[in-house]
Structures are given as structure tokens and as C-alpha cells.
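Subject: Structure handover

Hello,

The structure I mentioned is below, with the sequence. My notes on it follow; please read them with the structure open.

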Amino acid sequence: MYYANKKTVEDLDVAGKRVLVRCDFNVPIVEGQITDDLRIRESLKTIKYLIQKNAKIIMCSHFGRPTKVAPEFSLALVVKRVEKIIGCPVKLAKDSIGADAKALVENIKEGELVLLENLRFQKEETENSPEFAKKLASLADFFVNDAFGAAHRAHASTVGVCKFLPSAIGYLMQKELDTISQAINSPKRPLVSILGGAKVSDKIGVIHSLLNKVNTVILGGGMAYTFAKANGFEIGTSICEEDKLDLAHDIMKQAQEKNVKLLLPTDYVVATGFRNDAEFKTVPVSQIPPDYMGMDIGPQTANTFSKAIRESAGGTVIWNGPLGVCEFPNFAKGTKQLAQTISETDMISIIGGGDAAAAVTQMNLSEKITHISTGGGSCLHLLEGMELPAVAAISIK
Ligand code: AMP
């Protein structure tokens, strides 16, 4: 097990104690509305457990990437939804380690909940400042980390704080680690991995690691054009990493040597600009015009990829990154077709957060997916076989 020697929340004697819980309430917000509250819903189990154990619960989270204190990054935008999902009142502190937080925490009763203001309002959070971590830790007797989405980052509230408090991982973190590491290390085969998203450079380590584990790799999204170019095709104005052409060659060669089926797009939807309303058409990979950019996989490719998924019924699929610019509806078709196919195929399906997860949620297919991860970056870390710093920092049993 990934965290075999680490304490979990049930190893702590929390009754009557102050417990600092690192949550991931970094939910997407459009025009003031939360568009996906999965991260809040998934944190419920740990919070409920702590309430039931009569702990005094101090939740903390980051929210967005603020460069200064600003209302659009305040957890005030999230706290009502947290209250609704947990079903209890939550007191929001005006700061994270300041006078208001201290006053609320001092007066907190058993079973009550306080939420500290956005940790990233202090730059010391992302700097993993020991002083900040110490002050945060001084608010509590125990630390529970349930923020899988932030577990790949060594910040004060994920790693630093563990130096100053007995710590454990929460139920959400356990579920993510169990599901993803099981799928990657002892999968039901065949094991298929779908990788998309903007850049090859973000996923080099993951591709290399997966080539030792999977039966099939499906590549789409922006990174596919670097492979198309490496194969000698003209790719117009499509996104391309010129310095990764050799690497793309190397990956294709390795796949062959390791007997891994590597599927690349054979047609594309190309457009005159990076906009939803740009003029677009479908072309084979050999005919991308010089003034067009690839925006999505074409219908032939979507069918080939879908067929590969259906042929892997009974196995496992792990998907990270969209197959096209799916935030523009005209270029979301490939991503949506794959989401639909996966939802209809009898297999273990893991979607590693971000755009692909959003597509599944928008299409109301979440129920038919085995696991939608709350953390795209952390999921990639696990696929790459890397240790998550936030888990490494947790107390040994
Ligand atoms: P990532 O964060 O690496 O998963 O990348 C997600 C981003 O990849 C999305 O915002 C997409 O717009 C982008 N993307 C997907 N396909 C393409 C493409 N063909 N050209 C440019 N960007 C793309």
C-alpha cells in the first residue's frame, strides 16, 4: 500500500482535541457560482468522522492563486456550500494565522467547525515557510491532511506543518491513493492510458513510466502535434514543442520495443484561430494547411480511440488531459465522445481531474465512472511513480 506505514485519521485520539484539517476547497467558480463541488463533497467523510468523535475542527484550504488579499479569492465564496454539504454551521475566520483565527479557535467547542481564510493570502504558504507552518500548527493539537489535490506540492500547510504536529491522512486522501495506485500497480488488464492536454513536456515522466506498465497508450490534445511533426507531417500553426521532437521519436521507439500499442490521431479538426468561433474543418494528419491549427481530434480518430476502449472491456482505463481544446464547445467533440464510450464500457475507469473530469461531469456521466480524482497534478505524480511530498511528511504509525 502506498501509505502503509503512515497514520490515518483513525489512528489519532481526537476526542475533545483541536484538529487542523487541510482540505482542498479550491473549486472552480464562474461568475460567482461554484461549477463543480466534487472536492467539497469528497471531504465530507473525514469531517463527519471528526464531528462524530467530538473533535474541534479547524479546516484550512487554498483557493486560486492570489497575489494579494482580494475578495474574489476569499473562501467566503465557498463557505456556504461547505455548510450545506456538511450540514453544520461553519465560522469563517478573517485570516489564517492572525488575531481573528486565534480568537475563533480559542473559543471553538467540541463538534464545531472553523474555516481559516485562504492560506495563499500569505505568500509564506507556497514558500513552505517554517515560521508560517509553526503558527498554523500552534492552532491545533493534531493535523489531518485530506487535500489530495495539493498533495504534490510541498507547502507550509501540506508539508511544513507536519514538523510541528502529530499528523495523519484523511479518508479522501486514502481513497485517492488506494484507487490510483491499485489501478497502476496491480490493474485489471488490459490497462489503457489516455493522455491529452497542452504539452508533452508536462507529461514526459508520466509517459516513460506508463510505457512500463500499460498495454495501450492513447495520445491526443496539444501534445499530439509534436508527435505528428516528429513523424514528418506539416502541422500548420498547431502547438508544438520543437525541442521535444527527438523525445517523441524515442517514445514511439520505446513503445514498439515494449510491445505497447501507441495510438496517435490520424485526423484532426483544424481552425483558423484559437477561438470557439474560428472557421474550422476536418483534415487527415497529412493535410493540415499552413494557416490552420489543430484544435481537436477528428471523427475517424475518435472512432479508432473509442474502439480501442471498447476492446479493453473488463480492463482499466486511466485518463488525464483533454483530447482537444474542450473549453470551446466546437472543439470538445473528441473529448466528449471518449467520455461517452468510457461510460458505456464495462471497465474500471479513472479520470485524473481537470478538463476531462469537467467534461464527464457536464455530460452527467460521473455515476458511470469508477473514480474521478480531485487532483490532476497529484494523479500525474502517482502515475509517474513519484512520491507525494504531503504523504511523505505524515507521521509514521
Ligand atoms: P493540461 O493542463 O496539460 O491537462 O492541458 C489542458 C489544456 O490543454 C486545455 O486548456 C486545452 O485547451 C489544452 N489543449 C488541448 N488540446 C489542445 C490543442 N489541440 N491545442 C492547444 N491546446 C490544447
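I start with helix H12, where the buried residues are Ser378, Cys379, Leu380, His381, Leu382 and Leu383. Buried means under 20% relative accessible area, exposed means over 50%, and partly exposed lies in between, using a 1.4 Å probe and protein chains only. Helices (H or I, at least four residues) and strands (E, at least two) are DSSP runs, numbered from the N terminus.

Before going further: this is a predicted model, in which local features need pLDDT of at least 70 and side-chain atom pairs count only at pLDDT 80 or more, while totals for chains, interfaces and linings use all residues. Residues are numbered from 1 along each chain as its sequence is written, and side-chain values use heavy atoms, with hydrogens and water left out.

H12 spans residues 376-383 and is mostly covered, with six of its eight residues buried. Those buried residues pack against helix H5 (171-185), H6 and strand S15 (316-320); contact here means heavy atoms within 4.5 Å. After H12 comes glycine 385, which has a positive phi, near 80 degrees.

Helix H6 covers residues 204-211 and includes leucine 210. Leucine 210 counts as buried because its relative accessibility is 1%. Leaving aside residues up to four places away in sequence, leucine 210 touches Ile184, Ser193, Leu195 and Leu383. Its C-alpha atom is 19 Å from that of glutamate 311, which is 101 residues away along the chain.

On the cysteines, a search of the whole structure finds zero disulfides, a disulfide being a pair of cysteine sulfur atoms within 2.5 Å. For cysteine 23, the nearest cysteine sulfur belongs to cysteine 60 and is 6.8 Å away. Cysteine 23 is buried, at 1% relative accessibility, whereas cysteine 240 is partly exposed, at 22% relative accessible area.

As for the chain as a whole, it has 13 helices and 17 strands. Of its 397 residues, 56% count as buried. Along the principal axes, the C-alpha atoms fill a box of roughly 70 × 40 × 35 Å. Among contacts with a separation of 6 or more, 74% are between residues 24 or more positions apart.

Regards
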